[in-house]
Amino acid sequence: MSALDPPETLPRLHLPCEDKDEWARVERHLRRPLASWASLDALLTDIHSTTTRQTCTFFATMAHAGSGCSKFDWASFWTHAVPFMIEVALDMPSLFASIEVPLLLKGRDTSVTLTRRQCACLLSHSFFGTITASARRVETKKWAFRASQLFFLQATPSALCLLNYFRHLAVRGVPSGTVTFERVCFPRGSPPWTWEGNPAPLCPVEFLQKGEAIESSPAEFHADFANKFVGGGCLENDYAMEEILFVIKPELIVSMALASHMVDEDAIRIRGALQFSRYQGYSHTFEFDGDYTDSSSSSLSSSASASSSMATPPTVCAMDALQGCAKIQFQEGLVRRDLNKARVAFTGASTVATGNWGCGAFGNDHLLKFLQQWLAASDASAGRLFYHTHGDKRTDGLPELARALQGYTVGDLWRILMEAAKQCSEPGNGAKFRKLMEEKAKAHKCCQT
């Protein structure tokens with residue numbers, strides 16, 4: 001590049017307000033009078049008429065329904081949130097004046113910081129469906145940023161959580177502060193850390209049982225058991241760990257507009273996202289459970305009353321475990337893959353909250369995933385690992401094993417892990433791996449005594 005060449009520009013999010021004709025179309029839609037729930041349904045139907053033949057009936061139906069909706073304040077939403085969403089969406093030209101929002105693409109260490117009002121603006125457009133796939137013009141595979149899908153799909157629990165976010169902002173004001181979205185990477189085949197002979201001590205581990213949710217942890221970093229497309233199916237009708245996390249903390253959803261799919265050498269991290277809704281259940285039992293308030297940190301104070309001593313919201317680390325490799329997961333290359341994935345995600349953490357990463361639908365081994373995350377957190381110099389077992393019986397032996405391994409270094413644990421893994425190359429060898437690790441831990445404990 002010569003001195004006369006223009007500086008390289010990062011691929012960015014293209015906003016509808018940048019195109020005169022597109023913005024005029026958006027304004028026509030959003031300035032339409034709304035007289036009833038049915039008119040809101042009709043607005044969403046009209047906006048989506050070029051991409052679907054479906055008709056939205058969510059609001060006319062759900063605003064008068066009892067089951068699953070009784071804890072949501074529909075009157076407050078109509079009176080305050082609907083005008084707020086229209087106002088903040090139409091404020092896009094001023095909110096993003098002279099600002100370019102870079103995309104978080106694979107192979108690039110990139111970050112962008114947005115105000116909470118900018119996040120609310122983008123999410124309002126996501127609600128109405130007025131940000132389309134043309135907003136991201138590179139790496140568009142499985143791009144999803146239309147929260148309006150929730151209403152066409154009648155995905156009631158997730159929809160109510162999102163609506164409650166807007167209702168909260170409209171009634172209490174937009175909180176002060178910012179949200180930072182970043183992609184952290186390491187060079188393919190050359191991670192800047194080593195496991196063999198690593199002298200770092202294993203960090204303390206605190207095991208938490210059923211009823212203790214990761215998002216309630218005091219840890220600085222919270223793991224998100226992510227799909228490689230960050231956010232997974234949170235804008236559809238999926239209700240697993242990541243999907244629930246993203247709808248109770250809707251500012252996380254903004255990352256879906258910015259980030260392309262994750263690869264082996266990276267993770268997506270979001271710092272500063274607040275929780276706005278409570279919930280009950282999981283998967284088919286997931287339900288919206290009302291407004292979230294955090295009395296310990298006043299984390300949802302409005303800009304007018306926000307305290308400068310407000311507790312910093314946790315950093316959410318989206319990291320995708322291996323999928324479809326359960327039968328061969330003890331192969332060294334695959335063990336290293338998820339170990340390095342967790343390590344880059346935990347970089348800079350003082351404390352980490354995590355759990356049975358990739359052990360549900362992905363079918364990975366509970367003990368292996370615990371050991372990988374323990375190694376990663378320890379090498380990242382985390383002061384403590386909070387491990388949430390969620391009462392899964394397959395984690396019952398982990399606390400005893402962790403106690404037996406006290407005094408090991410990262411390099412010691414890596415060595416015996418690989419010694420055991422190399423004897424478990426055949427499918428279905430999870431039980432054998434556990435037995436070998438327990439034997440090695442007992443031998444270590446006997447040597448100490």
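I began with helix H12, residues 366–379, in this predicted model. H12 has 14 residues and spans 20 Å from first C-alpha to last, close to the 20 Å expected at 1.5 Å a residue.

I checked burial next. In H12, 14 of the 14 residues are buried, so the rest of the structure largely encloses this helix.

I looked at both ends of H12. At the N-terminal end the cap is aspartate 365, with a side-chain oxygen 3.1 Å from the backbone nitrogen of leucine 367. After H12 comes serine 381, whose phi is positive, near 70 degrees.

I looked up lysine 369. Its charged end sits over the ring of tryptophan 357, 5.7 Å from the ring centre.

I then searched the whole structure for aromatic pairs and found 29. One of them is phenylalanine 59 with phenylalanine 77: the ring centres are 6.3 Å apart and the planes are at 0 degrees, so I noted the pair as stacked. Phenylalanine 59 is in helix H3 and phenylalanine 77 in helix H4, so the pair ties together parts 18 residues apart in sequence. Both residues are buried.

Phenylalanine 207 and phenylalanine 370 form a tilted pair, 5.5 Å centre to centre with 50 degrees between the planes. This pair links strand E3 to helix H12, across 163 residues. I found phenylalanine 207 and phenylalanine 370 both buried.

Last, I turned to strand E2, residues 178–185. Seven of its eight residues are buried, so E2 is largely enclosed by the rest of the structure. E2 pairs with strand E1 in the antiparallel sense over six bridges, and valine 112 stands opposite phenylalanine 181. Six bridges also join E2 to strand E5, again antiparallel; there arginine 183 stands opposite isoleucine 268.

Methods. Residues numbered from 1 in each chain as written. Predicted model: local features only at pLDDT ≥ 70, side-chain atom pairs only at ≥ 80, totals over all residues. Heavy atoms only, no water. Buried < 20%, exposed > 50% of the residue type's maximum accessible area, 1.4 Å probe, protein only. Helix = DSSP H or I, 4+ residues; strand = E, 2+ residues; numbered from the N terminus. Pairing = 2+ DSSP bridges. Expected span 1.5 Å × (residues − 1). Polar contact = N/O pair within 3.5 Å; in protein donor to acceptor, adjacent residues only side chain to side chain. Phe/Tyr/Trp six-rings, centres within 6.5 Å; stacked < 30°, edge-to-face > 60°. Lys NZ or Arg CZ within 6 Å of the ring centre and 35° of its normal.
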